[in-house]
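Student: I would like to go through this structure with you. Could we begin with the terms?

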Amino acid sequence: MLVISSSTFSQALNTKLERKIDSIPLIKNDSNLLQHYLKICYAGIDDSLPVLNKYSQLAIGLARKLNEQKLLTEAYTCKGEYHYYNTEYDSATHYYQLALRQAKEQADSSYISTLCNYIAHARLELAEFREAIEWLQKCLAIDTLRKDSLSIANNFDLLGMCRENLNQYNLAIREYKRALNLFLLLNDSMSISNEYNNLGNVHSVYGNYEKALDYYLKALKIEIKLDNLPGLANVYNNIGIVYHDWKQYDKALEYYQKGYDLELKQNNPDGKASSLNNMAIIYDVKKNYDTALRLYKKALRIQHQNNNPLGEAITSGNIGEFLIERKKYDSAKSYLDRALEIYTKIDNKAGIGSTYSQYGILFTATRKYQKAIDYFNRSIAILQELKIPESQKENYKKISDLYNQIGNYEKAFHYLKKYQHLNDSIFSEQMRQKLSALQYDFELEQRESEIKLLNKENDMKELALEQQKRRTRLFTIAAIISFSGLLLIIIITILLIRQYRHKTAANKLLQEQKYKLEENRLELIQAKEKAEESDRLKTSFLANMSHEIRTPMNGILGFAELLTSEDTTKSERDYYINIISENSRQLIQILNDILDISLIETNQLKIQKRSVNLNKLLEEVYVLNKELQKKTEKEYIDFQLHLPESNAMVKAYTDPYRVEQVLNNLLSNAFKFTEQGKVELGMNVLNDEYEFYVKDTGIGISNEHMSKIFDRFRQLEDHHTRKHGGTGLGLTISKQLAHLLGGDLVVESKTGSGTEFRFTIPYYARPETDTGNSNFSFYHEKVNYPDLSDKTLLIAEDNQDNYRFISAVLQKTGCKLHHAQNGIECLEIFENNHVDLIIMDLQMPEMNGIDAAREIKKKDSNIEILALTAYVHLRNKDESIQELFSDYLFKPVSSKKLISVVSMVLNRY
């Protein structure tokens, strides 16, 4: 069952706005008319979207005509606001960016910050949280220079929301606390309450219910003082959720009821519906089924009448699940059908995934087991894409229970292991997040205690100075009134006693601070030791990388030198060339591994799916590794390929390159650690997934190292890895790729008895929109050189060896070639010659490739330019850079790739 939060939006065309529109014919001056259009737009933002759309477009046209750049910026912004409130967030972003470009030309930092914030909001609505973070950080940079504390605080709040949605809870806490501290300085009570609420939400996710409740109660205190009914209702609802998760259902119901009463008082339909939904869940748990169903249906009526499709879908799903438990299957299906229809209409993938899971529950209950498995797997596929592991885990458990129910214990155990594995992963991630949050809290408290200690020390110094002044005054008094000796002795005695008491109290305070500092010091020592251990492992990793890179480089340079010898025979020359080629391949593999692990850890690695013939893929992987087996002089090992018994072609919709990469990594390890016996590569077709396996009769893996083989640092401690070489990244990358492909990679092994890796990918039917070639070949494709004799190509490349290679390949097509060694020469040749295509190196002297491409595009926007670069992150760059290039060639580029991309671009346009 899903709990619901509320939101409201209303539109109405008021009389004041109508008067503004009616007064348009009276305005004769275009400049005044433009300003009037904008006033109507600002009113329309609150009152009428159709009005906003119409008059923002009119304002854009008139501002362009009058060349009023500042007013054009405002008009673009209003148009963006129309699309934003009309939930057309990509279109909103487009107009905001047009406005931003204008604002930059006017150097209006305040408006630039506002527009960056608007774009961030649009990306937030599309759940593109990383993009939103980039725009919010731009806002922060500008607002920091402007010293706009309120804007900075609001940006920290939004950053916290992004981090929370990315499950980066420790970072979310950091951002929310930064916002809270600024709002406290600004004395903004409502915002302070909001941050307490946000912090409570994050700690509630952690399961830190005491801390969450503490934050909610702080927010509640402020909302009561402000008499803010919407805020009070929200806090009551949040407190109810905490007690709900705490399984204190009576308390939860009490707070849900309080929230409902306030929503009723405000006549907030969405709020009333969400409270009713949450109360119904509690009555369901308490087995008061009639009341639960009545409240669910009441919530559904309100949501339907108030045109709240998301709330209606959630409640429909909840009713469907409720009726399944009551064995009213036909009624349950009708509610689930309604939920799925709405989720599909509003393109809410998380809701679709949740409903598929509910269908799985329904079909399990009605003994339609194959349908149930199908819907559970559909749900898992969506949840994997959205990275919602909790729900994905529950689906694995439901499939396991289903197979157990029908007596297929092998399958039941298989899915139970998936459930346990994912559960362990989630627990580990939650613990890591908690530890990170605790570390942040500790560091914050440590800094605060150090500040307090410094303040105490300053107080002690001031106390000592004051005591010194008192003693001076006492001695002066003694000289003046020496005749009053007895009185003086009494006064001095009293002051000495007071001084002793002050000193004793100060010493006690210092002792307490020393004790606290010692405790903190011990904790810091432990943290330091962990950090040093991490640094040691990283140092070991870098040392190994250096060794692995230098080894093939030595082979390349050494045998390249031998090639120059005059007495080298043809057979020796061929042998040396083969060695250089093999070492070059090894070096590229090392660099690819380092790049892949970097992309994986920064969530930038993209899976590119197409229809694939798995039989053919396995055969080609087998052929390639058979060749590599000869080169590693391990031909005596029996290498076997086992395909499914059926002769039918096995197809999948997946990323063939990444599947191939995992299998090659596994086979490389198998041959590396097998000295005798055999290596097997094979595949099994299961009901809902394909399972590849690689078995060997090698040295095996001890229990001690079994848990470390997928760890990219600790794996390096294995003496076998050192003995046999390798980056130690292959299995780490393979495990991550398996997860990105929607499957898993597991291992079974015993020391001295060999190892078996099993790699699974889910079964996906080929989408109707996919036109991929199922017979795509991965290896040893012959390069077919097209006839380009009627084409002229310009190669801008400052490195002579790179140019010689590219020109040698392209000359086989018969095309005419020009060569430029920098951006300026490229521009000159382009201006004086007809050119069909430019291959542009991006890093050149005098003028780089990006600047040269910009200048060329100004002269001819239709010219096709291929970017030639070693910078693989170029695709993630600014849109203005991406628009310059028709495609990309990433170094090192092969002959086949060069011809393929050149042909594709020339034929496409």
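Tutor: Buried means under 20% relative accessible area, exposed means over 50%, and partly exposed lies in between (1.4 Å probe, protein chains only). This is a predicted model, in which local features need pLDDT of at least 70, side-chain atom pairs count only at pLDDT 80 or more, and totals for chains, interfaces and linings use all residues. Residues are numbered from 1 along each chain as its sequence is written, and side-chain values use heavy atoms, with hydrogens and water left out.

Student: Is Y85 buried, exposed or partly exposed?

Tutor: Y85 is partly exposed, at a relative accessible area of 33%. Y84 is buried, at 14% relative accessibility.

Student: How many aromatic pairs are there?

Tutor: The count comes to 21 aromatic pairs. Rings of Phe, Tyr and Trp (its six-membered ring) pair if their centres lie within 6.5 Å; planes under 30 degrees apart are stacked, over 60 edge-to-face, and the rest tilted.

Student: What about the rings of Y84 and Y85?

Tutor: Their centres are 5.4 Å apart and their planes stand at 90 degrees, so the pair is edge-to-face. By contrast, Y359 and F363 have centres 6.2 Å apart and planes at 15 degrees, so that pair is stacked.

Student: Where do Y359 and F363 lie?

Tutor: Both are in helix α18, 4 residues apart, about one helical turn. Helices (H or I, at least four residues) are DSSP runs, numbered from the N terminus. Y359 is buried at 4% relative accessibility, and F363 is buried at 5%.

Student: Which residues form a ring cluster?

Tutor: Ring pairs link Y236, Y243, W246 and Y255 into a cluster.

Notes. Helices (H or I, at least four residues) and strands (E, at least two) are DSSP runs, numbered from the N terminus.
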